[in-house]
Amino acid sequence: MTPVVQLKVVPPASKYDFEDQLRRNGIELTPLSIDTLQVNITKLCNQVCRHCHVDAGPQRREMLSPEGIARCLEILERHPPIATLDITGGAPELHPGFDMFVENAVRLQKHVRVRHNLTVQLDGHPQTRESKEYLPKFFAKNRVEVISSLPYYQEYFTDAQRGAGVFHKSMEAMRRLNREGYGVEGSGLLLNLVYNPVGPYLPAAQAGLEADYKRELKEKFGLVFNGLFTITNMPINRFKLHLDKSGQYEAYMEKLLAAFNPAAAAGVMCRSLISVGHDGRLYDCDFNQMLDMDAADAKGRRLSIFDFDFERAMGRPIRFGEHCLGCTAGAGSSCGGATA
Amino acid sequence: MSNYYESEDLKKFGDIGQHAKSLADDFFKYYGNVTGTDGALSKREKALIALAVSHAQKCPYCIDAYTTQCLETGANPEQMMEAVHVAAVMQAGITLVHSVQMQNHLKKMVL
């Protein structure tokens, strides 16, 4: 009888090896702090953006449980160094516990950021039709920082990426935020916009683009905002599917690899935040979360909000994949924009 | 190879250094200094000029490269299309201004 030989399956080495880039540049990326708890509370969204790394949309049902929200608030309360709560989705405002989550975090004197897609104000809840027109007043009352995607200051690129009619709805939603004082100098109410390319190319320089946005939105629509964050499209999920279908994946990855910037690598966001999934599992960032790359402590034990331990989380080795090249290309990319 | 222009060949631009490396090095240094930096003109303005020249010279490699470069410097489609119109109108003007030569000669030829 022929003996069965167990073959160890060795995955082929990626041509786009992020860790090799780090080694070659003598860079070691370890956690520096956890100053931000970024919570993805739902994959439900009123929009279906073509580049969305979450694959969010009106049919998604994933929601962080009430126990999960309570646990996040407890973590925030127990750990003063975690000064910022960053709530994302989907459209996080569609989660039934969203308002309570914001109000309680504000009560804990945390800085609260909401990744607000603007159009949800006008579209409302895609399943229940519940209105969300109260949001500008709610945000202002709680003095949360609003961060909103607007891929360009014109309709063509914006609607190409985020769907027909999104640009004009976004202008109306910004008008309502401005009316509450958002983006208005001296109000202290922060409205920051996010630019990301509408295809497989790198963002333009953040400062120049911010000046263009400010000039064009003011002149054409009478709108104001505080800052512009440029973010690179991550080659995962829906955007990767587009790259694969259009035969542009290799060219995009080669572009990211060629643009590797050690200075941008030093400032990657996974060194200072931790990302929470809808089921309470912890990740190094929202992208790792969407790829099911769970964060684990130094002993390989998965991390979760349900047995959260600050020191264990700080001791975790950050997990990398080829998508990380998106955060280190050119001027770098993070949830707060360019990093170099 | 079945065609004279292959989009994959754009990646081989660096290969022009074969057989004449120092000249290619000089060229790429000059090229990078001119197009790759903000100077009296911004990188975006330079990309729009290069896009117009790419059309005037009918170079498919350059059209692809500078369409991307325009996007990566924050240009919008209206600016890009206007740049192509500048190239087109210059070419039309250059053709038409030569009609002065034709008219000069016509006058000589007509009693």
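Strand β4 (residues 145–149) of chain A is a mostly covered strand, with four of its five residues buried. Keep in mind as you look around that this is a predicted model.

**β4 and its partners in chain A**

- On one side, β4(A) runs parallel to β3(A), and three bridges join the two.
- Within that pairing, A:Val146 in β4(A) has A:Val114 standing opposite.
- On the other pairing, β4(A) and β5(A) are also parallel, this time over four bridges.
- Here A:Ser148 has A:Leu193 of β5(A) as its bridge partner.

**The whole sheet**

- Strand β1 (residues 36–40) and strand β7 (residues 273–276) of chain A form a parallel pair over four bridges.
- A:Leu37 finds its bridge partner in A:Ile274 of β7(A).

**Around A:Leu150**

- Which loop holds A:Leu150? A:Leu150 sits in the loop between β4 and α6 of chain A.
- Is A:Leu150 buried or exposed? A:Leu150 counts as buried, because 26 C-beta neighbours lie inside 10 Å.
- Leaving aside residues up to four places away in sequence, A:Leu150 touches A:Thr158, A:Ser170, A:Leu193 and A:Val194.
- A:Leu193 is also the bridge partner of A:Ser148, and A:Thr158 and A:Ser170 take part in the contact of α6(A) with α7(A).
- A:Arg162 is twelve residues from A:Leu150 along the chain, and their C-alpha atoms are separated by 8.9 Å.

**Helices α6 and α7 of chain A**

- Helix α6 (residues 155–162) and helix α7 (residues 166–179) of chain A pack at an angle of about 105°, their axes being 8 Å apart.
- That angle makes α6(A) roughly perpendicular to α7(A).
- From α6(A), the contact uses A:Glu155, A:Thr158, A:Asp159 and A:Arg162, and from α7(A) it uses A:Val166, A:Phe167, A:His168 and A:Ser170.
- By class, this contact has two nonpolar, three polar and three charged residues.

**Two loop residues with positive phi**

- A:Gln109, in the loop between α3 (98–107) and β3 (111–115) of chain A, has a positive phi near 65° although it is a residue other than glycine.
- A:Gln109 is exposed, because it has 10 other C-beta atoms within 10 Å.
- A:Asp292, in the loop between α12 (286–290) and α13 (310–314) of chain A, has a positive phi of about 60° and is not a glycine.
- A:Asp292 counts as exposed too, with 9 C-beta neighbours inside 10 Å.

**Chain B and where it meets chain A**

- Nine residues of chain A are in contact with seven residues of chain B.
- Helix α8 (residues 206–221) of chain A gives the most to the chain A side, with three residues.
- By class, that side has six nonpolar, two polar and one charged residues.
- Within chain B, helix α3 (residues 60–72) has 13 residues and reaches 18 Å from its first C-alpha to its last, close to the 18 Å expected at 1.5 Å a residue.
- Buried in α3(B) are B:Tyr66, B:Gln69, B:Cys70, B:Leu71 and B:Glu72, and the buried residues of this helix pack against α2 (43–56) and α4 (77–97) of chain B.
- After α3(B) comes B:Gly74, with a positive phi near 90°.
- B:His105 lies in helix α5 (residues 99–109) of chain B and counts as exposed, with 10 C-beta neighbours inside 10 Å.
- B:His105 and B:Leu41 are 64 residues apart in sequence and 42 Å apart in space, C-alpha to C-alpha.

Conventions
Residues numbered from 1 in each chain as written. Chains lettered and ligands numbered in written order. Predicted model: local features only at pLDDT ≥ 70, side-chain atom pairs only at ≥ 80, totals over all residues. Contact = placed C-beta atoms within 7 Å. Nonpolar A, V, L, I, M, F, W, Y, C, P; charged D, E, K, R; others polar. Expected span 1.5 Å × (residues − 1). Buried ≥ 20, exposed ≤ 12 C-beta atoms within 10 Å, placed from the backbone. Axes fitted to C-alpha atoms, helices over the stretch in contact; angles between N-to-C directions. Parallel < 35°, antiparallel > 145°, perpendicular 65-115°, else oblique. Pairing = 2+ DSSP bridges.
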